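Please read it alongside the sequence and the model.

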Amino acid sequence: MSKTNVIAIFDIGKTNKKLFLFNEQYKIVFEQSFKFDETIDEDGFACEDIAVLTDWVKNSLSSIINLKNEKVVAVNFSTYGASFVHTDKEGKPVAPLYNYLKPFPEKLKQQFYKKYGGEKEFSKTTASPVLGNLNSGLQLYRLKNEQPELFDKIRYSLHLPQYFNSIITGRSYADITSIGCHTGLWNFQKNTYHEWLQREGIIGKLPGIFPSDQAMKTHWKKQPLLIGVGLHDSSAALIPYLSGFNEPFILLSTGTWCISLNPFNQTALTVDELANDCLCYMEYFGKPVKASRLFAGFEHEEQVKRLAAHFNTDAEYYTTIDFDPELVTAMTVSKEAVAVSKTAMIPQSTFSKKNLADFPDYASAYHQLMQDIMIQQVASTNLVLKDTEVKRIFVDGGFSRNPVYMNLLSASFPHIEIYAATVAQASATGAALAIHSYWNKSPKPVDLIELKFYSIHKEE
């Protein structure tokens, strides 16, 4: 009996670490999920336990390499970004996997930006808002200045996906999707590393770049494997859409952050856009993806708690609320806010200041909350929409299942098709698709994305 060829994808988030096996039709035939306890770095700040993660990847791959019914022919990785593993000449970690949420020293930050042109100019050149340790390049600057002895031990600093590639292949590479994601490493104007890395003697700690859409040959437990260099998870999640649609679109990825990703907008970031929380990701062919971020999921979570307490309901009661156009008609909407939202970002919705006693019931208050959030969302999405020929907006994540949000979005963009989109395990699927031609003889499937169209009449 012949075995089914599969690709193994390690999809590693901050909370959940997952392993998937996809067959050639991109159906998940095996799935595992784990959570691991954190450890602490030398300052007592919580961080990933890189030793535990390393053992998990190695042991998991060893356990699936000789399955009875599936033959693992390829491997790839999708992980969260802004995280370096610093390795020595033997490829072993010499430092903790520092948490990108760890505060960055203010004095050192000021020293860095003063030295390299100021916050605005540096951010514009590198498409990286000032985000402290989320600018992973500055983690290296910090090590050089605060822990020079440790810095000298580093042979290569690898972003997390490429570290996992290295423990399987024994080779060290960089990847453009990890480099290009708000790291402060890449000069988007010159399409090369920023000069500060050379001036600080850091460039030698970064290995050569391996193409994200190619695979290299290796062996594991004497079994031949094709292996990808690994991808940043946000860039990986975009790949199913890039594979499925040729006409310009925006992917609105919703969760704690609502991120509008426009892979068809290659215009350089402006200072104003950076100030309004725009940045660039890098798609796997090395083209910049202009993106805007909105903390809408967090605000929604906080405000529904407030609604639940006031109306004496369950915290999840909002999931029972369907869209009611009559409630929308009756809502109070600031014309000034709507006007401003067409040209600029709204820093905060007005709902938190509203008196809940003014609303007759939960549904009315919830519609008002979503309308106030939508004013912000329109402003955020417009930042990356302008001057492009976008015909569709695909919404994935939590808000894609929210009929109030989706109908309000449709009303806000009457000349653009709005779809709720579902891709099973989008970042893992994207990591498999990235090296499709190397491991899969079948054509790419056309039904990976499940779409639901939203249309609402909007009076002029």
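## Salt bridges

The structure holds 16 salt bridges, a salt bridge being a side-chain nitrogen of Lys or Arg within 4 Å of a carboxyl oxygen of Asp or Glu. This is a predicted model, in which local features need pLDDT of at least 70 and side-chain atom pairs count only at pLDDT 80 or more, while totals for chains, interfaces and linings use all residues. Residues are numbered from 1 along each chain as its sequence is written, and side-chain values use heavy atoms, with hydrogens and water left out.

In one of these pairs, Glu48 bridges to Lys17 with the closest N and O atoms 2.4 Å apart. The pair links distant parts of the chain, 31 residues apart, with Glu48 in the loop between β5 (46–47) and α1 (50–64) and Lys17 in strand β2 (residues 17–23); helices (H or I, at least four residues) and strands (E, at least two) are DSSP runs, numbered from the N terminus. Both Glu48 and Lys17 are buried, where buried means under 20% relative accessible area, exposed over 50% and partly exposed in between (1.4 Å probe, protein chains only).

## Helix α4

Helix α4 (residues 136–146) has 8 of its 11 residues buried, among them Leu138, Tyr141 and Arg142. Its buried residues pack against several elements, including β7 (84–87) and α2 (106–115), with contact taken as heavy atoms within 4.5 Å.

## Ile28

Ile28 lies in strand β3 (residues 28–34) and is partly exposed, at a relative accessible area of 32%. Beyond its neighbours within four places in sequence, Ile28 is in contact with Phe20, Leu21, Phe22 and Gln425.
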